[in-house]
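Hi everyone, thanks for making the time.

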Amino acid sequence: MSRPTASSESTVRVMRGNRGRDTRPEMSIRRAVWSLGLRYRVGARPVPSLRRTADLVFTKARVAVFVDGCYWHGCPKHYRPARQNEAFWSAKITGNRRRDDETDTLLRAAGWTVVRIWEHEDATAGAERVRAAVIEARTRRRGPSE
């Protein structure tokens with residue numbers, strides 16, 4: 001089965017123009033997490049041999065944070081199917097969702113905690129979820145006696 005193609009050259013340009021990093025929602029989450037006193041790596045691979053890049057990575061705590069766009073990752077609240085070239089976009093979003101699930105499974109199997117935040121979520125609430133995950137992971141890694 002061949003991959004679907006974009007309907008026009010302008011669609012291809014729009015797709016290429018979308019940022020993969022430093023998006024507005026990602027920057028909001030990063031600022032909120034930073035203001036909580038947490039320090040992280042940006043755009044890093046949690047597992048170097050795995051070709052997956054997290055938006056924020058807490059290496060020692062082994063927490064990977066992904067800020068997912070509602071359209072690109074098929075948000076159950078906000079995703080609306082495309083009206084043009086529906087087959088292409090449906091396959092694209094389905095593939096993204098499948099890859100997200102696979103990424104979560106692979107990272108968890110490698111001992112990582114995965115936090116996914118939708119772009120529509122409040123940045124402060126998302127940052128609090130990240131903080132809770134980091135604290136929990138640090139506690140788990142240290143052990144109950146320390």
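Let's start with Glu136, which is partly exposed, with a relative accessible area of 45%. By that I mean the middle class: buried is under 20% relative accessible area, exposed is over 50%, and partly exposed is in between, using a 1.4 Å probe and protein chains only. Before I go on, a word on the source: this is a predicted model, where local features need pLDDT of at least 70 and side-chain atom pairs count only at pLDDT 80 or more, while totals for chains, interfaces and linings use all residues. Residues are numbered from 1 along each chain as its sequence is written, and side-chain values use heavy atoms, with hydrogens and water left out.

So, which residue does Glu136 form a salt bridge with? The partner is Arg140, with the closest N and O atoms 2.9 Å apart. A salt bridge here is a side-chain nitrogen of Lys or Arg within 4 Å of a carboxyl oxygen of Asp or Glu. Both residues sit in helix 4, four residues apart, about one turn of the helix. Helices are DSSP runs of H or I with at least four residues, strands are runs of E with at least two, and both are numbered from the N terminus. Arg140 is partly exposed too, at 47%.

Another pair is Glu121 and Arg129, whose closest N and O atoms are 2.6 Å apart in a salt bridge. Glu121 has 22% relative accessibility and counts as partly exposed, and Arg129, at 36%, also counts as partly exposed.

Now, buried or exposed: what about Arg116 and Asp104? Both are buried, and their side chains meet in a salt bridge at 2.9 Å, N to O. Arg116 lies in strand 4 (residues 113–118) and Asp104 in helix 3 (residues 86–109), so this pair ties together parts twelve residues apart in sequence. Arg116 and Asp104 also belong to a salt-bridge network with Asp68 and Asp100. Across the whole structure, the search finds nine salt bridges.

Last topic, back to helix 4. The axes of helix 2 (residues 24–35) and helix 4 (residues 123–142) come within 8 Å and cross at roughly 55°. Ser28, Ile29, Ala32 and Val33 of helix 2 make the contact (heavy atoms within 4.5 Å) with Ala123, Thr124, Gly126, Ala127 and Val130 of helix 4.

Thanks, and I'm happy to go back to any of these.

Technical notes:
Axes are lines fitted to C-alpha atoms, for helices over the stretch in contact, and angles run from 0 to 180 degrees between N-to-C directions.
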